[in-house]
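Here is a short walk through a structure for someone meeting it for the first time. Keep the view open as you read.

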Amino acid sequence: MLELKNITAGYDTGRVLSDVSITVPDNATVALLGPNGAGKTTLLRVASGLLKPYSGEVLVDGADMTGKPPYKMSRAGVIHVPEGRGVFPSLTVSENILLQAAAGEFKAAFKTATKTFPVLGKRSNQIAKTLSGGEQQMLALNHAYVGEPTVVLLDEVSMGLAPKIVAEIFSYLSDLKSKGVAQLLVEQYVGQALKMADYVYVLNRGRITFEGVPEDVSEETIMTSYLGSLAQ
Amino acid sequence: MESFLNYFIPGITDGSVYALAALGLVLTYKTSGVFNFAHGATAAAAAYLFYQGYVEWNWPWPLAFLFSLVIVGVFGGLVMAQLARLLSTAPTVMTVVATVGLLVLISSLMTAIFGASDKKSGDFLPTRGPRVGDVTISYGEMMITAFGIVTAISLMLFFGRTRLGRATTAVVDDPHLLSLAKINPDAVRRLSWIVGSSFASISGMLLAPKLGVSIGVLVLIVIAAYGAAAVGLFQNLTWTLLGAFAIGVLINYSPRWFDNTDSYFLKSIPRNIPFLVLLLVFMVVPARHLTERGVRNVRPLKPPRDLPKLWNAAGLAALLVAAILVPQVVADYNITVYAAALGFTIIFLSLGMLIWTSGQISLCHMGFAALGATTAGKLTTVGFWHWLPGIGGHHPSWPLAVFLAGLIVVPMGAIVAIPAIRLAGIYVAIATFGFGILLEQSFYLAPVMFDSGALVQNPRPGTDYTLPTTAHRLTTVDGHLGGVFGISFESDKRYYYLALMVTVLMAVIVLLIRRARLGTLLRALADSPTALETHAANTTVMRVSVFALSAFMAGVGGAVVAGATQNASGAPGGTFDYTVSLIFVAVLGFCGRRPILSPVLAAVAYQVLKIYSPFDKQWAIEYRGVAFGALAILVAIWPALKIGESLKQRGINLPTLPRSTGPAEPAGGHRMSRSRRAASAEFVDDPNDFDPWDRPRRTAEPEGPPPSATAEALDGTHA
């Protein structure tokens, strides 16, 4: 279980998150929604150790991991698939998989990867930057399959992809869910995210403005959150 | 066959040593994105330490070897890893300033401690061995070759096959992503730097018995590694290894091709093979294969703080008044030093324009200056070539000679710009570094430049001169150079004012260019060449123009410097030595990025300070390179040290200069372009803002699409 308690965080230019608390229980899919600039990515960066919070706690299965570097968070089972394409562009597909896998587990990881994403098998010797956007995203997503995670942080993994590919990506996310991997999902496709989620947080201007089960999320909540500034 | 073996065997032995050095260089560059210009100096430092242990302290050689390896390879590697970490988000130009600074620092330190003369470390490996025909293959050579090959192959297997090995490439692509993949990027970087520095150290120690322990020689020889690295396109370890062997064999075998020639240039070719290979690779290999490592994570250089117009004008006026008063207040015997400083100011002005305005780097500026100095000297004393119609044999006046001296350097600047047209910044720096050394080794002592005496007479206007005999001139020649408008500039004071006039003229050119459309275009070029091209600007012409103009000014500067001393020396270690180009980059690096003030400060630091106490003391002169190098490194890593931030946290605010206000600022000048502002809004480029765990930070989006510097240039707002 991943718990973020009373997180306040930001950059030198100013505070982005104020006293944010969220919980991602084991086996659950939690959606984190909100407009651009709400602090969703910042919250994921705090959760994976890429950003140290000013205050608050990050707990993984009850153990305090606040301020730990990302590689330690990752070893604790928190896998972050970052915004953009989370691949090493200069390395081949199989070299990327080698780094995603735990030490000594490459063969098993490669097998899993090519079984889950057959296209990666076909392109195993290709340099990652020469893959299409969808293929790169599948390679990035593969980290969640082979990295032995307890919780996966997914930051807009559908961004910039064709609708057909987006549907494919979401089917992989459902598959991950069925395997019992907890997910913290940041998504622009609100409908899809709500369909998958067990629990929802809405973040606006660095604060949680709503939390509850997807059924309780009204269109008005979403509209106020995303278009709040316009409505006012 | 036997004669071939005679060259082939030492060639392969040398090749395996070059391979070690080259693999270390490629490895650290691949891993950190920082090209280490101090790699050769690391090798030399290891050789000196080995010499100290083995010869001075009489230690058994394995102990001395291990001692040097631990100090330079392991501890040096850890220091380099830390330095590279601090430079990981620095722009290319600052990484060059830092590593060139380190080269200057180490060279100066070694010379200060061990003296300038060569040391002999003696053969510590067995020199006996079996004979194949006429050729003896020593056990020492066998050991070196076997060690080189086994190490190189193990390294290739490790980096090609293992998870940690692949992480060395991944760490430059995206250290944060690597960290998310359970690998500590800092540990990967440390490992690479320790291996890289150790390889450099071993190569330095292995070369020492053959070449002697000399900083100049070892730095240059390890540069053979540059050629090998270029064959591997600074990426591929296998090709680097093969390149090293090929260069080793060619260096040993090729002198026999030029046995029967008198040409100084042809005879110099064998020792320049690494540079020729390097330049060839840069000329012919498609640019897409020579991409810069690690540029994804770079933050743009923060422009110098904008000062109010009045401050700028007052500052420039004060500088000018101070310069005019110099001969009235300083001792007469020091005026020549100040006159030479004016010449150096011109060279620094041209270097600053190139580096800070257009973002291109030159490590061969003293080569330009040397050509300017020799051309001006020869035109005023020997005159135009006799075969030239109309003007043959005529002696031009001093101003015309200086102008022509600048002009003749222009094509050279354009040639040097060829890699700049094609390649990314770091490769331009490497190419100019190679070019500077090539020029010194192949042309300085040629008749067209300093000639065999390594000295050219540069009379001041209105003075008599005597040309000494050389290999090509068997009698001395006496002559008189006319004054300028009938005025003689023989006295130091008068020559100082003449030099000041030329310097002011060059400074005006620099300011005019900055304020003109070209200046904005150049800054846009430094900002984003691609964006500039999409605005239909011809970046090729711009790159060549700015290099050519910079070369012109350096040529003029060289002529003015030579006029101060009334001769120019092309001897190794002299005014125009290639190492001075490196020192200049380091010195300019720590004197700031202002177009006029920084070059003036740099010239004062380089030329004037040394005549005043305590900088005139022996120790201060010996260690000044150490200070220059350390300051250059400090400036390059300053943003990453976050000193200002930690002081702020303790409630101490550093004093700041007032900013220029209002939108109606002069076009060009120091003004931060709107694209820069947009960039700094998006990527916080506060010098105190650095977090190795953090990406360039995104903040609120700027309001509306900001017009770029390119757009400003092209829509004429700055025209």
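Start at one glycine. Leaving aside neighbours within four places in sequence, B:G483 is in contact with B:P461, B:G462, B:S488 and B:F489. The model is a predicted one. Take one of those contacts, B:G462. Along the sequence, B:G462 and B:G483 are 21 residues apart. In space, their C-alpha atoms are 4.0 Å apart.

Where does B:G483 lie? It lies in a loop of chain B, between strand β5 (477–480) and helix α19 (492–515). Is B:G483 buried, exposed or partly exposed? It counts as partly exposed, because it has 17 C-beta neighbours inside 10 Å.

Now step back to the whole of chain B. It has 29 helices and 6 strands. The chain runs to 719 residues, and 50% of them count as buried. Look next at contacts in chain B between residues at least 6 apart in sequence. Of these, 79% join residues at least 24 apart.

Chain B also touches chain A. The contact takes 24 residues from chain B and 26 residues from chain A. On the chain B side, two elements give two or more residues: α6 (163–173) and α7 (175–180) of chain B. Which of them gives the most? It is α6(B), with 6 residues. By class, this side of chain B has 10 nonpolar, 5 polar and 9 charged residues.

Cross over to chain A and find its sheet. Here 6 strands form an open sheet in the order β6-β7-β8-β3-β9-β10, with mixed pairing. The edge strands are β6 (78–81) and β10 (207–212) of chain A, and each pairs on one side only. Neighbouring strands of the sheet are turned by 15° against each other on average, direction ignored.

Strand β9 (residues 199–204) of chain A pairs with β10(A) in the antiparallel sense, over 5 bridges. One residue pair to look for is A:V202 and its bridge partner in β10(A), A:F210.

Note on methods
Residues numbered from 1 in each chain as written. Chains lettered and ligands numbered in written order. Predicted model: local features only at pLDDT ≥ 70, side-chain atom pairs only at ≥ 80, totals over all residues. Pairing = 2+ DSSP bridges. Helix = DSSP H or I, 4+ residues; strand = E, 2+ residues; numbered from the N terminus. Axes fitted to C-alpha atoms, helices over the stretch in contact; angles between N-to-C directions. Buried ≥ 20, exposed ≤ 12 C-beta atoms within 10 Å, placed from the backbone. Contact = placed C-beta atoms within 7 Å. Nonpolar A, V, L, I, M, F, W, Y, C, P; charged D, E, K, R; others polar.
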